[in-house]
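Hello,

Here is the structure I promised to pass on. Please open it beside the sequence, then read my notes below.

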Amino acid sequence: MQGDTPQLHAVLKQYFGFSSFRPCQEAIIRDALAGKDAFALLPTGGGKSLCYQLPALVRPGLTVVISPLIALMKDQVDALQAAGVPATFLNSGLAPGESRPRLRGLHNGEFRLLYVAPERLMMDGFLDDVRKWKVGLFAIDEAHCISEWGHDFRPEYRQLSTLRTQFPDVPVMALTATATERVRGDILKQLHLREPSCYVASFNRPNLTYRVAAKAGAYPQLLAFIREKRSESGIVYCQARKTAEALSERLSTDGISAAPYHAGLSPNDRSHNQERFLRDEFRVVCATIAFGMGINKPNVRFVVHYDLPKNVEGYYQETGRAGRDGLPSECLLLFSPGDRVKYGRFIDEKSDAKEREIARAQLEQIVHYAESATCRRAFLLRYFGEEFNTENCEACDNCLAPRATWDATLASQKFLSCVYRVREKSGFGVGIQHLVEVLSGADTEKIRKWRHFELSTYGIGPEHNRTEWAAIGRELVRLGFLRQDAERFNSVALTPEGLAALKARQKITLTRSMAVPTPAQRKVGEIACDETLFEELRKLRKQLAVERGVPPYIIFSDVALRQMALDYPGSDAEFVRISGVGQKKQVEFGEAFLNAIREFLRTHPRQIFADDSFAAPAKPREARITGTISESLRLFRSGLTVDQIAADRVLTTNTIYGHLAVAVEAGELLKIDALLDATAQEEIATAFEKHGFANLSGAVESLNGRYLHGQLRLYRAAIQRKL
């Protein structure tokens, strides 16, 4: 059954609450209903899931969704069941008692969608069961995992290439959010798609603001950024598990409810932290790249990369987890040129030459992105083969606050000449770092070995330090005067343009280092609304979510709540016009939200908003006692000890001490003697006398682990309060 347009729109509204399709969705759905293979490249938040979920409701049979992560399966199945869609999943996280009734339901034809991991699907005997379930479509999510040229290659995905021979009559849909042209071709080849329709939507996420900031005290930068976001949710990506742990601990101490997420945690801990983040119980997750693939939390308002990502594809996908509901969200990358050197060493340790080549090329691209002075949105879109012709995107640091330029003709001549002289003398090229050492007059083993101290360019660059020379070299690469050869350890060579510029002494203008950007005055996708009512509706949503044991966004998205706080619906007919309100949700939640809006309007005037709904960003609030700190304070005043509070709230004792310290800093009165005995106070006082009140970390380290960071902060707050 292909389904006519009215039927598709009716199903879209009934189950998903939307009145129109996003770009490409309807065409992909029609191909699926016609039994055709399809390849869909839709950006994160572009609505890939609907492309196979809606056909599953329109025609008979089972849609099998192959997904790489357990978290994705549970998340999507929860959302589908809340919308009245019969869906289930099977994975290794289920006990036998949970799997059996699901298998029974599949044999009885009770489900329309089944989510399964590729390893489970290809197990001996499982495909025999699948043949009995009348499969109408295989949907392969995160399809880039099948390509070794992709940023997240998974060998187990290669087994899926046999689906075509084992199920020759079942159409296959491959979906991904990030794939270069090379990866796209590999996906089509590996899955043996037959004359597929290929859909590539725009990669542009207009509601996201992209920023890169030079690392200068990374943790204070991070803390200030998160505090500006008030009560909003976000993800902080780190390269190392240790960093994720340390950041979550420090943020918790500073009053930001945070949790770690990485592969070193037990499955139960990972699942627990993820669930609490989805339910808005943790405001921030500090995670390695193990977190987030397919996590459908629409109200993530910011994504911070605390460390340099390994490639542009991963960076784009991770930033894409912000603002999936279309509301304004921010993406911040903290960058240090030293990150490039560090990751370069890791790459050199790889034994496979092909892996090294791919990794070096990917690293250089993400460094170019971080150091680029041009529009960041245009850079990302161009990387994926899409042109962005708007002169100013108004939503990245380089467009909002263009960096100053300088006449770098002399410096560029020196650098280009050094590249020329090295190759002329030695017959081979060298990397940027060696060129910097030649220009700086360094005395290294390689310079002595190759006698590069004899070059006319040796030591001619004292006016710039090594960091500045390296930045000049990398910008000359970006501008096309030089090229780097990834297969030869990123050795540098002159391009024809570079040689011509050298001979003609061409004027070359370069950009200054990164500056602090001016905040955007307009945010794409922002919905001006009654903020007081919006907060009341959020509380109601949270209450209903807790009662049902689901994340708040399963009830309604932020977009839906903001539209309610804009339109003030007063009847069922008005309520159902809200985006995201489907038939089942109207029946289940309509009365509660309509009553809340009516009650609100009894004591608050109705507000009128401008048609364009582009509001200036609210002024950031100052640090204050948050809900989680208030709860710790309440429990302490009720007579519980710090250890008891920590056990009761499933937090560390250090975090609770930190909460109490923030309370004291905010003006709350607490008896320090009830928290630290005389000996502890004396030892801590001695440490502060030695290192000073400003050096909290130094004082902590000098006590050799006898006292927690939060205890010293609490003592310091109490003393400062007395003074």
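Among contacts in the chain between residues at least 6 apart in sequence, 74% join residues at least 24 apart. Contact means heavy atoms within 4.5 Å.

A word on the source. This is a predicted model, where local features need pLDDT of at least 70, side-chain atom pairs count only at pLDDT 80 or more, and totals for chains, interfaces and linings use all residues. Residues are numbered from 1 along each chain as its sequence is written, and side-chain values use heavy atoms, with hydrogens and water left out.

Now the whole chain. It holds 33 helices and 17 strands. Helices (H or I, at least four residues) and strands (E, at least two) are DSSP runs, numbered from the N terminus. The C-alpha trace spans about 80 × 75 × 55 Å along its principal axes.

Of the 723 residues, 54% are buried. Buried means under 20% relative accessible area, exposed over 50%, and partly exposed in between (1.4 Å probe, protein chains only).

Next, helix H30. This helix covers residues 653-665, 13 residues in total. From first C-alpha to last, H30 reaches 18 Å, close to the 18 Å expected at 1.5 Å a residue. The expected span is 1.5 Å times one less than the number of residues. Eleven of the 13 residues of H30 are buried, so the helix is largely enclosed by the rest of the structure. Among them are Tyr657, His659 and Leu660. After H30 comes glycine 667, with a positive phi near 110 degrees.

Is serine 233 buried or exposed? Serine 233 counts as buried because its relative accessibility is 6%. Its place is in strand S9 (residues 233-237).

Arginine 120 is in helix H6 (residues 118-121). Leaving aside neighbours within four places in sequence, arginine 120 contacts Leu90, Asn91 and Phe126. Isoleucine 66 is 54 residues away from arginine 120 along the chain, and their C-alpha atoms are separated by 9.5 Å.

Best wishes
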